[in-house]
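The following briefing covers selected strands, salt bridges and charged residues of one structure. Please read it alongside the sequence and the model.

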Amino acid sequence: MLVIGPYLRVRAGGTDAQSESHVVRDAEARLDEAAGLARAIDLIIADAIIAPISQIRPATYIGKGKVEEIAALAKSLDVELVVMDCALAPIQQRNLEKELHAKVLDRTGLILEIFGRRAKTKEGSLQVELAHLNYQRSRLVRSWTHLERQRGGFGFMGGPGETQIEADRRLIQERISKLEGELKKVQATRRLHRAGRQRVPYRVVALVGYTNAGKSTLFNRLTRADVQAADMLFATLDPTLRALTLPHGGKAMLSDTVGFISNLPTQLIAAFRATLEEVLEADVILHVRDISHEDAEAQQSDVDAVLRQLGINPDDSGRIIEVWNKIDRYDAEQREELLNIAARRPEDHPAMLVSAVSGEGVDALLAAIEERLAAKRTTLDLSIDAGDGAGISWLHRNSEVLTKELHDGRFDMTVRVDETKRDIVVNRFDAVPRLSA
């Protein structure tokens, strides 16, 4: 197969019009990422080239001369698939397939193929199929002979009937409607699970970040779990929840989510909204960055853009902790320089330096998570009759019990509660806020 990077030339003093990011991406890094996406589904790459363009052509995306050049290269290498690292309109994809005499896949189609391979759970499979059908629906152009046939209509006269392309669109729409119904049930189930966690109550910490930033490795390090973690794009697709033990014995739930990527197809954002609701509902979000990557700044900007699409403010320092991962790839001098850069950041936007592989910095990260979670809750002192089993049970279910000591037939307790339950505890148990030291 061939990987083609049809990237718009960057104008002096301007930005790349193809990128939504404010950070201009290096063309070689973008091509390497596209090749990595192809390798993620075991495609054999015959060649990968950058095709700089001055403007997007409505018919073929790239210019006629470049099309002829790629066609000659495809023929000489005898390739059957050409991947274009851009979003192609259906007509552009059809025209390129005619000119190149090979199947053409754009960036969206390639990512959908990867997600199709990675989905393991029923939920993941439903989400991928929904995204794929929405994508396929727009690709039903008259490029194949079977789409020009007609089926007879109803009644005695028959009439023009239903063309094959119309039938295909109808069947796809019916399947989409069915999948959307099934995913609504998934969302309802997730809401029940979240409601259950809130009653326990466990706070939720979500990992987000660019694909291959090391989220799953960090997830395993923090929870001592065994989630698949590999040096490949989109190694993890299906969401995972595990208990997270905080430094002072408190508990939280840690959620590992699908990785983000530049120009993430809108179909995937819509289809995976049920999964990403874990991020929307999270008390603390860890934005994991591969700080050693040459395009780390651009990747951060891409993740911020997706968070905004989800309705999350990436500058919300009270909720988001930036985690600079893979510091083990730096030598001592480089690491010291990185620490100095982090130290100069604003106090309300700190960066936690960690190595998910070696465990360096993980204790400090856990302490920061605990501090953020505690900041969102109120600590109360109260005294309750030891015979009030119902009240004690309620406190254990609806608050985080920090201390519990028996004195003269009464339990002196210190609990931590959400703002939503603060007044209930104060009024029912005559609790008083603990004064800061």
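Glutamate 419 lies in helix H14 (residues 419–429), where helices (H or I, at least four residues) and strands (E, at least two) are DSSP runs, numbered from the N terminus. The model is a predicted one, in which local features need pLDDT of at least 70 and side-chain atom pairs count only at pLDDT 80 or more, while totals for chains, interfaces and linings use all residues. Residues are numbered from 1 along each chain as its sequence is written, and side-chain values use heavy atoms, with hydrogens and water left out.

**Glutamate 419**

- Glutamate 419 has a relative accessible area of 51% and is therefore classed as exposed; buried means under 20% relative accessible area, exposed over 50%, and partly exposed in between (1.4 Å probe, protein chains only).
- Between glutamate 419 and arginine 377 there are 42 residues of separation in sequence, yet their C-alpha atoms are 6.3 Å apart in space.

**The open sheet S14-S15-S13-S16**

- Four strands form this open sheet, in the order S14-S15-S13-S16, with antiparallel pairing; two strands pair if DSSP finds at least two bridges between them.
- Its edge strands are S14 (400–407) and S16 (432–433), each of which pairs on one side only.
- Strand S13 (residues 377–385) is joined to S16 by two bridges in the antiparallel sense.
- Aspartate 381 has valine 432, in S16, as its bridge partner.
- The side chain of aspartate 381 also meets that of arginine 434 in a salt bridge (3.1 Å, N to O); a salt bridge is a side-chain nitrogen of Lys or Arg within 4 Å of a carboxyl oxygen of Asp or Glu.
- This pair links distant parts of the chain, 53 residues apart: arginine 434 is in the segment after S16 and aspartate 381 is in strand S13.
- Both partners are partly exposed, arginine 434 with a relative accessible area of 47% and aspartate 381 with 22%.

- Strand S7 (residues 203–209) is largely enclosed by the rest of the structure, because seven of its seven residues are buried.
- From S7, Arg203, Val205, Leu207 and Gly209 point one way, and Val204, Ala206 and Val208 point the other way; all are buried.
- S7 pairs in the parallel sense with strand S9 (residues 251–256) over five bridges, and valine 204 stands opposite methionine 253 in S9.
- S7 also pairs in the parallel sense with strand S10 (residues 284–290), over five bridges.
- Across that pairing, leucine 207 stands opposite leucine 286, and valine 208 has histidine 287 as its bridge partner.
- S10 is mostly covered as well, with seven of its seven residues buried.
- Val284, Leu286, Val288 and Asp290 point one way from S10, whereas Ile285, His287 and Arg289 point the other way.
- S10 pairs with S11 in the parallel sense over six bridges; in S11, isoleucine 321 is the bridge partner of leucine 286.

- The whole structure contains 14 salt bridges.
- One of them joins aspartate 290 to lysine 326, with the closest N and O atoms 3.4 Å apart.
- It links distant parts of the chain, 36 residues apart: aspartate 290 is in strand S10, and lysine 326 is in the loop between strand S11 (320–325) and helix H11 (332–343).
- Aspartate 290 and lysine 326 are both buried.
- Glutamate 322 forms a salt bridge with arginine 345, the closest N and O atoms being 3.4 Å apart.
- Here too distant parts of the chain are linked: glutamate 322 is in strand S11 and arginine 345 is in the loop between H11 and strand S12 (351–353), 23 residues away.
- Glutamate 322 counts as buried because its relative accessibility is 10%, whereas arginine 345, at 23%, is partly exposed.
- Glu322 and Arg345 belong to a network of salt bridges that also includes Arg289 and Glu297.

**Glutamate 28**

- Glutamate 28 is located in helix H1 (residues 27–39).
- With a relative accessible area of 46%, glutamate 28 is partly exposed.
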